[in-house]
Amino acid sequence: FSLQRQYLPENQIYLQPMLQVGGYTSIGGTLGFCFGRVNFESDCLWGLSHPTIYWNKVTGGRPEEDELAPMYYGAKFGYNVFTGTRLRISPQLGGGYLMVSGTMSSCYAVNGTFGVRFDYAVANHLSLVAVPEYSFSITESDTFKRIAETSSKVKGWVKGFNLRFGFSVYL
């Protein structure tokens, strides 16, 4: 029992617009909920980088240009640790599906993530969020492997460090 105002209640639903920088620079949003000490969230991220690759034809001729557009869908779960009335730290494990589409090809990759979510409440229904995380590849389509071999930008989409930041609005 406490008479202090609790800015981060244990049970809540939240929406979070965000920007991610690192191997997969993107913008997107998260829908999540906290139930007691358990945290679950799902997210969708649109990649800001659209690299152009060139496909060589088996029969010869000019290579054809293809612009790749990535889209990421993911989910995470974590354990909430409250430190005071304004800060919540949540270690998280998750995974996701990266879909890459172009005019001539499409491919996919599945990855796993682990990171830590830092929530700092600035008002009763609003908090600033930072999530440093590491992403590792679980499986990749053959086309994705071939593209990643030629483009370091694409390779970083499923492997390496990322930092997400944004704000959460609690419903």
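Predicted model: local features only at pLDDT ≥ 70, side-chain atom pairs only at ≥ 80, totals over all residues.

Biologist: Which residue in β10 does glycine 112 stand opposite?

Modeller: Glycine 112 lies in strand β9. Leaving aside neighbours within four places in sequence, its contacts include Gly94, Gly95, Tyr134 and Ser135. The residue in β10 that stands opposite glycine 112 is phenylalanine 136.

Biologist: Is glycine 112 buried or exposed?

Modeller: The relative accessible area of glycine 112 is 2%. Buried means under 20%, so glycine 112 counts as buried.

Biologist: What kind of aromatic pair do phenylalanine 114 and phenylalanine 136 form?

Modeller: A pair of aromatic rings is described by the distance of the centres and the angle of the planes. For phenylalanine 114 and phenylalanine 136, the centres are 6.3 Å apart and the planes are at 40 degrees. Planes under 30 degrees apart count as stacked and those over 60 as edge-to-face, so this pair is tilted.

Biologist: What kind of aromatic pair do tyrosine 14 and tyrosine 170 form?

Modeller: Tyrosine 14 is in strand β1 and tyrosine 170 in strand β11, 156 residues apart. Their ring centres are 5.9 Å apart. Their planes stand at 70 degrees, so the pair is edge-to-face.

Biologist: Are tyrosine 14 and tyrosine 170 buried or exposed?

Modeller: Tyrosine 14 has a relative accessibility of 0%, and tyrosine 170 has a relative accessible area of 5%. Because the limit for this class is under 20%, tyrosine 14 and tyrosine 170 count as buried.

Biologist: Which element gives the most to the largest nonpolar core?

Modeller: The largest nonpolar core has 16 residues, and Leu98, Val100, Phe144, Val154 and Trp157 have the most contacts inside it. Two or more residues come from each of β8 (87-101), β9 (106-123) and α1 (142-150). With three residues, the element that gives the most is α1.

Biologist: How far from the ring centre of tyrosine 7 is arginine 86?

Modeller: Tyrosine 7 belongs to a second, separate core of six residues, which also includes Leu8, Tyr14 and Tyr170. Arginine 86 lies over the face of tyrosine 7, and its distance from the ring centre is 3.8 Å.

Notes
Residues numbered from 1 in each chain as written. Heavy atoms only, no water. Core = buried A, V, L, I, M, F, W, Y, C linked by side-chain atoms within 4.5 Å. Buried < 20%, exposed > 50% of the residue type's maximum accessible area, 1.4 Å probe, protein only. Helix = DSSP H or I, 4+ residues; strand = E, 2+ residues; numbered from the N terminus. Contact = heavy atoms within 4.5 Å. Pairing = 2+ DSSP bridges. Phe/Tyr/Trp six-rings, centres within 6.5 Å; stacked < 30°, edge-to-face > 60°. Lys NZ or Arg CZ within 6 Å of the ring centre and 35° of its normal.
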